[in-house]
Amino acid sequence: MSQRIMLPVFRLVFLAVNLFCTSIVSSQQVYHFTTGLMTGVPSRYGREALYMDQLAWQLYNGTLKAPVDGAIFGKDERGQELKWQPVSADSLNSLRSRGGFGARGTGPAGPGVIPGARNSIGVGGTYIYLTYQSDKEQVALLNIQGNSGVYINGEPHMGDAYSLGYLYIPCKLKKGLNEFYVRGAGIIASLTFPTKPILLNTEDPTLPYVVLNGKNDQLQGAIVVYNTSNTPGKSFQIKTNFQGKELVTPIPEVPAMSSRKVPFAFNGSGVTVKGRYDCKLTLVDKSRTLDTATLAIEAVNPSEHYSGTFISNIDGSLQYYGVTPQSSSNTTNSALFLSVHGAGVEAIGQARAYKPKDWGTLIAATNRRPRGFNWEDWGRLDALEVLAIGKAKFKPDPKQVYLTGHSMGGHGTWFLGATYPDKWAAIGPCAGYPTLKGYGSADGLVPDSSNNPLEQMLLRSGNQSDVPKLATNYKPLGVYVLHGDADRTVSVNYARQMRRILGEFHTDMSYYEYPNGEHWFGDQSVDWKPLFDFFKWHTLAVDSSIDVIDFKTASPGISASYHWASIEQQQFPLQYSHIQLNRNKLQSTITGTTDNVHLLKLDLSDFQPGTAIRVDLDGTSVTYTTTGTDSLYLVKQNNKWSIGTKPNRFSKGPHRYGTFKDAFNNRMVFVYGTSGNKAENEWSLAKARYDAETWYYRGNGAVDIIADRAFDASKYPDRGIILFGNKSTNSAWKSLLADCPIQVERNKITAGSQTWTGDDLSTYFVWPLQNSNVASVAVISGSGLKGMMAANANQYFAGASGFPDFMVYGFNMLQSGAAEVKMAGFFNNEWKLDLENTVVAK
């Protein structure tokens, strides 16, 4: 089942944003592709670390033959021939199969991946081959809609899987034949030839509203800048003129032959009346004007729905949130509602679906994009950032914080509710699905199991996404489940599944199936009065009143604590950990059981200073005298608990726990290698650009891309580092990874006592950044050019895809799958290789 619905009320809002934007192709020469060749390709992309792609395998090893009509590309899993077949555009310039390729879909997971067909690699993908004969070497902007990715003359680039239309890829065309291998079963493709080397594109802005009578003199928006020149834009500025008020904003560096979404400031204090106003932007380099653009800015009254913007700590980019203001002027001790939207829905559209409440303010996060990350990974972090903004801005009663959402946001509600049960007084999932193992949307499903021990280790990395396994975390929450009984998009059976699970233990759940309700049955699909009445009856308990704890987590790096107890370290990383504790302040005791916990922290501040506290865990008893403000650390060794000490910041803990994806945080920096040969250096820069494009498209993000020779760790304190290349090709390796037990150089990878040789090995791994208590280094590497190219796929950007601390695999994984994984696993709590948490291929 593919979640492709666009709710009517939200669709109007989404379109309204774009009606006032000008396409980058205006006044430019455009070439539309009208013919091509298409074939099915055995492939496997999705929410997992493994991937397979027969065409990529052939392209990387030099065996891919130039397609011609009727030529055999290969065979499917049944041994049937796969042939290149001609395809031509219709009147709308759409290139697609008119039959003969079977059922297939299109999504970021890979074109043709049929949601629900997990682990299937038949004709699971489709490629379209396009060509362009250029009479000279020149620059163009490639725009393809409906594809998951594209190889431009062999170089990988991001695709526009959701046909949003605003993704343009700067590319340098060769004189003569230029080849494009497009992953997609139905596409619209064109080349635009820019008349300027530097361009502003207003098709994908991030903008706040001007809220009248508010502080509007330093508002922030964001716009995409395209640099199609051969030199990076290091001194660009954006000048804004808004109702006669001018501001100048220096913008971050825009790499050569790349794009970047950049923030800019504008002064809205000159607006005093509700309406829509033009904001004029001028992009300058010193005193030279490079391009101009105009954006429409909305001004609204304080009582109306509006958008606000903020700089995200994830990557330093500008993000936004939607608000439904409280209708009452008395906001003392009011509530805060966090609402998380469905797939394809903008946050402002989500906010507008709710009527103002007299007892609280609603704030809607974005998930970084309308589809984003399914409210997991960076979508989860975005929700937490917006929640923090809501608390700081609206100052609600801390006991009245609630969570709700619809469709994909229903999943977000289930997920965030189980992951952070001490943040909400009650939750209200609407038309939601609990886990991506059962409902996959466009990226497909999270694989549920495997018989291969190495793949089992990879899948373990995604355990936190399996909400039903965390269901007991809902015990302290009020839960209101709303679902239409005729929902054909997200089956009501998901709601019934959770009703059955919660019915076994939960005593505070309300459940309602809306008669004949489809996926969207009007604003009451989310703005349901009985749900908000249910919220009003619930308040969040304070720590001092909580004496019983029943809490589970799969990763302390995602969710470690519930009130006064925190799982700091696990025995087996990313397997489920469980604590059940009872506190008796009168008897000065804490008793309970634990599972898969190595280090436990207990906050003892609710006990009187000087109290001798007895802790009985798993049959072990310890006594500790508290000062009244301290925390007790307990460590489990040889199945016995003893008093421990606070670990140093280098050790694993909630502040930094892995996995590989954890490094894509803390305003990450991409560092590409320039110390290799020409082909290695070209791969490194191309891969950095590809990942930056993907991060922009999926996460509305932006990232600094710098060369290894320009990297100085002291200039990027506490920032995540993404390193492309190996010890032989990236000079930053020595300063960042000298003490790492995994080393990669030309023709060799070593991991502890294991060594693999050859130029066709690939690896992803994470390592703590020295001199930082929070940031990590993620390494995307290969032992040679073939290994590097095999690391091109970036499934780590798919929501809930599981990547462990490290994995090593061979080039032939693209053809043979899990059989070619050499090693996968997790570092122990001191960042050492540990056989207990590592699987090595025999």
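**Entry 1**

I started at Trp-831, which counts as buried at 1% relative accessibility. Buried here means under 20% relative accessible area, exposed means over 50%, and partly exposed lies in between (1.4 Å probe, protein chains only). This is a predicted model, in which local features need pLDDT of at least 70, side-chain atom pairs count only at pLDDT 80 or more, and totals for chains, interfaces and linings use all residues. Residues are numbered from 1 along each chain as its sequence is written, and side-chain values use heavy atoms, with hydrogens and water left out.

I looked up the phi of Trp-831 and found a positive value near 60° in a residue other than glycine. Trp-831 sits in the loop between strand 51 (821–825) and strand 52 (838–840). Helices (H or I, at least four residues) and strands (E, at least two) are DSSP runs, numbered from the N terminus.

I then turned to Arg-368. Its phi is positive too, at about 75°, and it is not a glycine. Arg-368 lies in the loop between strand 27 (360–364) and helix 4 (378–394). Is Arg-368 buried or exposed? Arg-368 is buried, with a relative accessible area of 1%.

I noted the background: most residues other than glycine have a negative phi, and most peptide bonds are trans. I also logged a cis peptide bond, from Gly-658 to Thr-659, with omega near 10°. Thr-659 is in the loop between strand 41 (640–643) and strand 42 (669–672).

How many residues of helix 5 are buried? I counted twelve of its twelve residues as buried. Among them are Met-408, His-411, Trp-414 and Phe-415. Helix 5 spans residues 408–419 and reaches 16 Å from its first C-alpha to its last. That is close to the 16 Å expected at 1.5 Å a residue. The expected span is 1.5 Å times one less than the number of residues.

**Entry 1: cores**

I looked for nonpolar cores, meaning sets of buried Ala, Val, Leu, Ile, Met, Phe, Trp, Tyr and Cys residues joined through side-chain atoms within 4.5 Å. The largest has 92 residues. Phe-664, Phe-670, Leu-737 and Ile-780 touch the most other members. Strand 48 (residues 761–768) gives the most to this core, with five residues. Apart from it lies another core, of 73 residues, including Tyr-439 and Phe-534.

I traced an open sheet of three strands in the order 16-18-21, with antiparallel pairing. Strand 16 (198–206) and strand 21 (258–266) stand at the edges with a single partner strand each, so one side of each has no neighbour in the sheet. The twist averages 35° from one strand to the next. Axes are lines fitted to C-alpha atoms, for helices over the stretch in contact, and angles run from 0 to 180 degrees between N-to-C directions.

Strand 16 pairs with strand 18 (residues 219–227) over five bridges. Pairing requires that DSSP finds at least two bridges between two strands.

Next I followed the loop between strand 21 and strand 22 (275–285), where Asn-267 lies. Asn-267 is buried, with a relative accessible area of 12%.

**Entry 2: cysteines**

I searched for disulfides (pairs of cysteine sulfur atoms within 2.5 Å). The structure holds zero. Cys-279 counts as buried at 1% relative accessibility, and Cys-430 counts as buried at 0%.
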